[in-house]
Structures are given as C-alpha cells and as structure tokens.
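I'm opening my notebook on this one and jotting down what I look up as I go. Let me get the structure on screen first.

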Amino acid sequence: MSQSIVQQSTSPTASAAASAQAAIAPSGVQSVVSDPETTTGLVTGAEILIRSLEAEGVEIVFGYPGGAVIGIYDEMHRIQPSFEHILVRHEQGGTHAAEGYAKATGKVGTVLVTSGPGATNCVTGIADAYMDSIPIVVFTGQVPTHLIGNDAFQECDTIGITRSITKHSFLVRDVTKLAETVKKAYYIARTGRPGPVVVDLPKDMLAAKAPFHYPESVSIRGYSFVGKGDPAMVEKAAQMIAESKQPLLYVGGGTIISEGAERLTRIARKTRIPVTTTLHGLGSFPEDDSLSVGMLGMHGTWCANQAVQHADLLIAVGARFDDRVTGKIAAWAPHAKIIHIDIDPACISKNVPVDCPILGDVSLVLEQLEPLLAEKDTTDWLQKIDIWRKECPLDFDRDGQLRPQEIVRALRDKTGGRAIVVTDVGQNQMWGAQFFSYLSPRTHITSGGLGTMGFSLPAAMGAAFGLRGGADPVISINGDGGVLMNIQELGVAAAHKLPLKVVILNNSYLGMVRQWQELFHDERYSHTDLTPTNPDFVKLAESFGCVGLLCDKPEDIQATIDAAWEVTDRPVVMDFKVITQEKVFPMVPAGAATGDMITVQFNSENTV
Amino acid sequence: MSNETLTPQQLFRKQAAGEAISPEQGESVHRHVITLLIENTLGALNRVANLFSQRGFNLESVSVGEAKDLSKSRMTIVTTGNDRIIGQVLKQLNSLVDTLVVEDVTNVEHVERELCLVKVRCDASERAALIAVVDIFRANIVNITPDSLTFEVTGPPTKVNAFIGMMRDYDLREVARSGRVAMKRSLVFEH
C-alpha cells in the first residue's frame, strides 16, 4: 500500500495574485497600514476554494448561493475568478447540468450549493451521477463546526445523507487541508470508475485563514485503480474470440468514458463481429454500420436480443449486466461464454458470472487486445442476424396521426445524426434511443441507472454550456411529465442565449407508466392522466424568454423543426401533441426472458 | 452435458432456474471472517458499516479499534454468504477509499478471540458451585455483589458460546459480547 505523497507547490495563480496586489500599491508611497494578510500570505478558506478551482482548471460552476456559502460568493465577487459561475434556479438542476456538462465534454462537472436544503436538493443528481458513473464534484455549505449536530438553521448531515450515493466524500475540518481536499476530490471523481464526490464546507472553515498552496499531485493510500488488463486474460480472450462462431460485442457506457469507442469500432470491423450497445453505450459504435444490431434489453431491437440469445460468445465491454439488459437472468444468453472487460472489480461477476474477466481500463485493454485479433469470417452468423433484422425492424404506424417516433426520425434527418441528444426518462427516452441513429461518442446523454425524470432539460443545458460555440445542436427530448420537473432551468438557458432545442413529446400522460398500466394492469390508468394540469407549453416557454412552437399533426413536423432551427439566440420549446395510445415496442416485460419479446406488426407504407 | 463441463454462468443459470446441481458445485452459505485496516476516522467506520446495509450484506459482528499505526484502525467483520456474495463483499469493501487492506482470513491459519461479560444472579449459598463450573472455562470473576456474579470469559467463539450455554442453566441475567477479533498467524502484513 503506497503512502500518501502530497507534493506542495506555490500555484502560479497565487503568486500572480500577490504580484497584482503589489502592483496596486502606488509606487514611491509608503503604505501607511501594512496589511498583515499580504505579508503573511494568509487568505480565507473561501479564497482558497476559488483559487483551487482555478488551479484545477474548472471552467464552469453551477451554483446557488445561501447563508453557509455567502463567503465564497463574496470572494467570487471580489476576485472575479477565471471560471464562470452559472446561477441555476434549483440545486437539482445544477447537479444535472454538471452531469450533462461532464458527459458532453468528458471533464469533471462542478456544483456549489449552500447547506441544508441546498445540499438535499442535490441528492437526486448525486445519486444519478453515482449510478451512471459521471464525474462531478459537489461543494456543499455546512453550518459552522461548533454548531454541527445542534440542529442549527439550515443544517443537515450532508455527508451521512450522501454516503451511499457518492464515490467518496469529505468534511473539511482544517482550513490548511482545504486545497489538498479539493485536489483529492477532483482526482477521485475523474479517475478509475468515475463518480460523484461531495465536499462539505463548514462556514467557519471558509472564514478561517491559511496560506494557499495547490498541490500538483496527490496520492491517496487506500485508493487505486487499474490500468492495463492481465496479459494472460487478454490472450485467453483473444483465443475465445478466435474460436467463437457466433460472437457478439455487448458495449456499455464504460467504453465511451474511457475514450475507447474508436478502438472498439476498429476491432469490430476487423473481426466482423456484430455490435449491440446498451443505452449508455449508444454512440460507441456507429449505428449506420451494417455490423450494428442496435440497442439490447427491455426495449432493445428484436435483432439485438435474438443475437444475444443465440450468441456463443458475448464480449462485454464496459457494461454491467443491468437487469434492464438481461431480463430474467437465468434465461439470458443461454449458449454464450462471456468475456467481461471492466474497470470496476465489483462489477465483474456481480450479476452474471463470467468465463474470462479482464479487469482494466477499457481503452487500454482494447489496445492490448487489438493486435492479438485476426480477421474472422462471420458470414453465416451475420446472415442469421440479417434475417432477425428484417423480421422485426423498429417502426411505427403511419396513419395520419402524430406519433413520437416520426418526430425523432425527423430530428435525425434534420441533423444527419450530428447532434447531442439528451433524453429524459420514460417513453421519450426509449424513442429517443431507438429512432435517432447515434454515430459517435458523447452524442447521447440520458439518466440510465437511476432513471431520473427531469434530467433532460438541465443536463442539456449543462451540455450546451460545455459545448458553446460548437457546430452540433443540443436537443433535449422530454415527455410532458418530466419536463415540468426542472422547467425552471429554461430561464437560465434563455438568459445565456443557449440555442437549445427542447422537444416535448406531449401525450398528456405519464406515458411509460400508462403503457405498463395498459399492458399489465388491465388498463387501470391510475394517476397518470396529466390533461387537467398540463400548462400551455408555448406560453410557458415564452414567459421564460424562449420561443414556443406548437405542432399537432404529422405534416407540420418538418416546418416546426425548420422553424426551431432558425432560432439561434435562445432556446426553442417544441410542443408536439402526440397521440396518447402510442407504446414503446418491442418490449421484454420486466422479469421475462429476453427471448420472449412483445413485438407488433406495423402498418407502414414505407419502411424507414 | 455433465456438470464437470459447465461454465460458471451456466451453473449459475441452472441454479437460478431451480435445477438440481451436485453439492460440490452448489454455492452453499458459509461464515466468513474478514479483517480490515481502515483509516482511523469516524467517517471510515461509518462507510464500512453503511456498505453492509446499502448492499444488503449480512453482518454478524463488527469489532474495531486502533491498529499499531495509530492513523489506522483494525476491524474484524463476521459475515455470511455464498462464494459469490462474499466475493462482492470483499470487492465492495476494497472499493472504499478509506479501506487500506481487506482480507478474508476464513481459510487462512488465524487466531480468533472474543471477549464476553456474563452476569448471573446468585446468592452466597450458590456461589461455590457456580464458581466451580466457571473455573473449567478459565473465566474470571470481575465483579461480585451479595446477589450476583459477573464473569469475563475470553476465547474462540465456540468457547464463549459453550460458556453462555452453561450459564443458561443458572439465573443468567445479562450478556455482553465484544464480537470477534481475528489475526493471521503468519507475519504477512505489519501495520
């Protein structure tokens, strides 16, 4: 076990600040009052935090002020730091924005909130980031150390509340360790399997003074992560791949996190192994490639699920065998041996025991694996797959009614797949996954593990902040239920003139629950009808300073989207009044075997 | 297909489907003793304890105290589960930032001890007989009142169990067990 090594060095920003202060003093005039702080080099904890974020290279902080963190906001006003502070309208929106920023850019998202309710409002976003391995650091205010435990105003046990939903957390008890703690927080958040880190900041620690030194590197005893895989296991995997007749790559979000998508694509094309992706794996392999069988799992394609059920080898790459992927686990992939490449030892053999576990960073393991793989002849297997592909393609009825799938297809056609699509949770999420073709990594962002309604709008906003000036539009796809859960962030996006494209697939119902009620609960639509309470989304958008557009028939889809794309200086909200009855198919009912999919035949004149 | 050639996941599926498998392939539940070195902070202890409830693992006993290096704590955990669950326990414990060393000592040569205090109601007339029994266990008398005796017994958990079992024949009033502490016999890590 390595010992803690903390190299400390004076940060260039700190010395720059010192020299700037020196420059302000008029030359030749003896300063009457010598400022003891300048001479001793002591600064407040609040300033240490800000300088640390600058030194860490933070670009954007999503935050909301309050009593416990007012000192930080005061110093921010004085210092005018190099990072931008975005005032969100709800702390949950802030955490999702940080997640969207992190997913779109690959950098660590940063959130700053006050104590008590500020912290508890972040809980959903932190849990979401934990489930989906998203690197964010959340700084929460806390009551002064001497009041902790006294039920003080706006006090809550933030560390305790977030313990099981963080990768790690820190309560700062010593201002001299604040800079080092910030460094550790970012280091832990982004390395290994990424995840959220909470840093709880008692108010007295922000007022206390200490010298500022930002360490260049930290190492934490007890924390380590793997890099390359065991060469013997990689060799075994290569041999298993060579011997397999019906292999299938099962690709998850870990491939995108480790920047391994390009390498994966090369391997698949060289070996002619078909590829299925998880929800988070969308974009790791171009879906317009003939080797792509689409997404697998509960609402995956018939083709992908049939391929899983008939494969003799599954190569799981940065995926975690989630229950929405496997369904009834005993009946899943009954003929397959399994190779599992993952960075998290706890993920390996957690749900399904594997034959060849390779513990390592996906990108590095694929780099080891690539030269060991020869070209393969999988023609027979690909022919079988082609039959499944044609048996039951993703499709929808075209009968003159406005259907959500057609809207998603139109968005794909408008952008040519070159867009960042951020979906919410429920039917809109599945249609967004099924009908938009994802071609490259970090173009699909969603709340997969936790399934957080209200995720899309703030996450899309965070992504748009991270990608400002980029060519590809950011599209937020929502249902009419979820979009209201964080609608307040529209105001933030409007204030910053973000050209967000906000799509509401408005069926006046909590559609996915309605679908289950229709299919599995004898059409008892208990508390899923939103018709009586839904607002006028066009007026709502306009009241936030956005453009609102309404579309209620299929022939207007194109014109609506074209009009939305004309707007470049503010968000556009498109309210598509889709039919209520539309359901997501195909479907593996919860707990059923993957082979038992519900499929439907569509009345389609022209198959897309 | 005979059982010998089954892959682990085929075996798992058979089991999940409720099919019969030979006993040596079954994942029977065993008691495991896990020793840890963790950071000597309240947060670290909380995180370890929290993990067991968060992940739904069994927790039979926990004991914790300062290690040789005062910046670390030595923890002994007794848990039960099949091999797959114990594997998860060890991996999840390892993934905590505050854990420094995690080791399943169940199948390694090790010593285990537990301390137990037992209070028995007993007046002067019964004392001699009770003390004669207690002496067999080499238990110490740590307190005496006109109507009670409190014993301290130390040893492997089996001995402690046997002692408490014997005391149930008397007027047993109170039991306090420390939980197990364990240490490997060999000099492998010194902390």
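This is a predicted model: local features need pLDDT of at least 70, side-chain atom pairs count only at pLDDT 80 or more; totals for chains, interfaces and linings use all residues.

**Entry 1: a helix and its sheet**

I started with α24(A), which lies across β20, β21 and β22 of chain A and runs at about 170° to β21(A). My axes are lines fitted to C-alpha atoms, for helices over the stretch in contact, and angles run from 0 to 180 degrees between N-to-C directions. Contact here means that the C-beta atoms of two residues, placed from the backbone, lie within 7 Å. Helices (H or I, at least four residues) and strands (E, at least two) are DSSP runs, numbered from the N terminus.

Residues are numbered from 1 along each chain as its sequence is written, and chains are lettered from A and ligands numbered from 1 in the order in which they are written.

Next I traced the path: β21(A), helix α24 (residues 557–566) and β22(A) make a right-handed β-α-β unit. Right-handed means that, with the strands pointing away from the viewer, the path from the first strand over the helix to the second runs clockwise.

**Entry 2: the strands around β22(A)**

What is the strand order of the open sheet of 6 strands in chain A? I read β18-β17-β19-β20-β22-β21, with parallel pairing. The edge strands are β18 (444–445) and β21, each pairing on one side only. Two strands pair if DSSP finds at least two bridges between them.

I then looked at both partners of β22(A). Strand β20 (residues 501–506) of chain A pairs with β22(A) in the parallel sense over 6 bridges, and A:Val502 stands opposite A:Val573 there. Strand β21 (residues 547–551) of chain A runs parallel to β22(A) too, joined by 5 bridges. Along that pairing I found A:Leu550 opposite A:Asp575 and A:Cys551 opposite A:Phe576.

Why is β22(A) largely enclosed by the rest of the structure? Because 5 of the 6 residues of this strand (residues 572–577) are buried. Buried means 20 or more other C-beta atoms within 10 Å of a residue's own, exposed means 12 or fewer, and partly exposed is in between, with C-beta atoms placed from the backbone.

In the segment after β22 of chain A I found A:Pro586. The peptide bond from A:Phe585 to A:Pro586 is cis, with omega near 0°.

A:Glu259 has a positive phi of about 60° although it is not a glycine. I located A:Glu259 in the loop between α12 (254–257) and α13 (261–271) of chain A. It has 14 C-beta neighbours inside 10 Å, so A:Glu259 counts as partly exposed.

A:Asp522, also not a glycine, has a positive phi near 50°. Its loop runs between α22 (511–520) and α23 (537–543) of chain A. With 7 C-beta neighbours inside 10 Å, A:Asp522 counts as exposed.

**Entry 3: chain B**

Chain B has 5 helices and 9 strands. Of its 191 residues, 24% count as buried. I also checked contacts in chain B with a separation of 6 or more: residues 24 or more positions apart account for 71% of them.
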